[in-house]
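I opened my notebook to look up a protein chain piece by piece.

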Amino acid sequence: MYSLGNLKRLGYDMAATTSLSSELPVLYMNNFSQFDAWGKRSVPGFRERLPAVAFMSSYCGDKGELVTMLAELGIPVHSLGKCAPSGSENKHTPEIASGDKVSFISKYRVYRRQ
């Protein structure tokens with residue numbers, strides 16, 4: 001596993017990861033203007049949200065297996081990222097790829113991130 005501690009033990013001086021504790025944090029989103037108005041957004045109530053799990057990942061890996069298991073149990077899963085595990089409904093669009101991810105996932109009752 002390539003955790004920050006393991007990278008140091010392997011001899012790396014610095015690590016560029018998505019962790020904020022990394023020496024060179026590489027942030028997941030590149031458009032931070034969406035957070036400027038976060039406090040002004042109206043968040044839909046639970047019953048107004050889609051009764052499905054939103055899954056967003058560009059790489060399936062082990063998490064894809066979890067999503068497949070949820071789908072096999074009859075839980076509706078909408079895959080918003082490039083990864084669309086078996087049993088999930090592929091909802092990935094160019095708008096999602098380049099848009100405000102918070103606004104897309106806030107439409108769902110449950111969210112599973114990568």
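Predicted model: local features only at pLDDT ≥ 70, side-chain atom pairs only at ≥ 80, totals over all residues.

My entries below go from the whole chain down to single residues.

**Entry 1: confidence**

I looked up the mean pLDDT of the chain and found 79. A score of at least 70 is reached by 74% of the residues. Where is confidence lowest, and where is it highest? I found the lowest mean, 74, in helix H1, residues 4-9. The highest is 96, in strand E3, residues 89-90.

**Entry 2: overall layout**

I looked up the helices and strands next. The chain has four helices and four strands. Along the sequence I read the pattern α-β-α-β-β-α-α-β. The chain has 114 residues, and 25% of them are buried. I then looked up contacts between residues at least 6 apart in sequence. Of these, 53% join residues at least 24 apart. I wrote down the accessible surface too: about 8000 Å². Carbon and sulfur atoms account for 57% of that surface.

**Entry 3: the disulfide**

How many disulfides does the chain have? I found one. The disulfide joins cysteine 60 to cysteine 83, with an S to S distance of 1.8 Å. That is inside the 2.5 Å cut-off for a disulfide. The two cysteines are 23 residues apart and link distant parts of the chain. Cysteine 60 is in the loop between strand E1 (50-56) and helix H2 (61-72). Cysteine 83 is in the loop between strand E2 (77-79) and E3.

Why is this disulfide called right-handed? I looked up the torsion about the S-S bond, which is about 110°, so the disulfide is right-handed.

**Entry 4: the two cysteines, one by one**

Is cysteine 83 buried or exposed? I found a relative accessible area of 3%, so cysteine 83 is buried. The cut-off I used is under 20%. Cysteine 60 has 27%, so I put it down as partly exposed.

I then checked the surroundings of cysteine 60. Leaving aside neighbours within four places in sequence, cysteine 60 is in contact with Cys83, Ala84 and Pro85. I also looked up glycine 81, which is 21 residues from cysteine 60 in sequence. Their C-alpha atoms are 9.5 Å apart.

**Entry 5: serine 79**

I moved on to strand E2, where serine 79 has its place. Its relative accessibility is 0%, so serine 79 counts as buried. Which residues does serine 79 touch, leaving aside neighbours within four places in sequence? I listed Phe55, Ala84, Pro85, Ser88, Glu89, Asn90, Lys91 and His92. I looked up methionine 56 as well, 23 residues from serine 79 along the chain. The C-alpha atoms of this pair are separated by 5.9 Å.

**Entry 6: lysine 101**

Lysine 101 is in helix H4, residues 101-105. Is lysine 101 buried or exposed? Its relative accessible area is 15%, so I marked lysine 101 as buried. Leucine 80 is 21 residues from lysine 101 along the chain. I found their C-alpha atoms separated by 9.3 Å.

**Entry 7: rings**

I searched for aromatic pairs and the count came to zero. Then I looked for a charge over a ring. The charged end of arginine 109 sits over the ring of phenylalanine 46. I noted 4.7 Å as its distance from the ring centre.

Notes:
Residues numbered from 1 in each chain as written. Heavy atoms only, no water. pLDDT = per-residue confidence, 0-100. Buried < 20%, exposed > 50% of the residue type's maximum accessible area, 1.4 Å probe, protein only. Contact = heavy atoms within 4.5 Å. Areas by Shrake-Rupley, 256 points an atom, 1.4 Å probe, with all protein chains shown as cover. Phe/Tyr/Trp six-rings, centres within 6.5 Å; stacked < 30°, edge-to-face > 60°. Lys NZ or Arg CZ within 6 Å of the ring centre and 35° of its normal.
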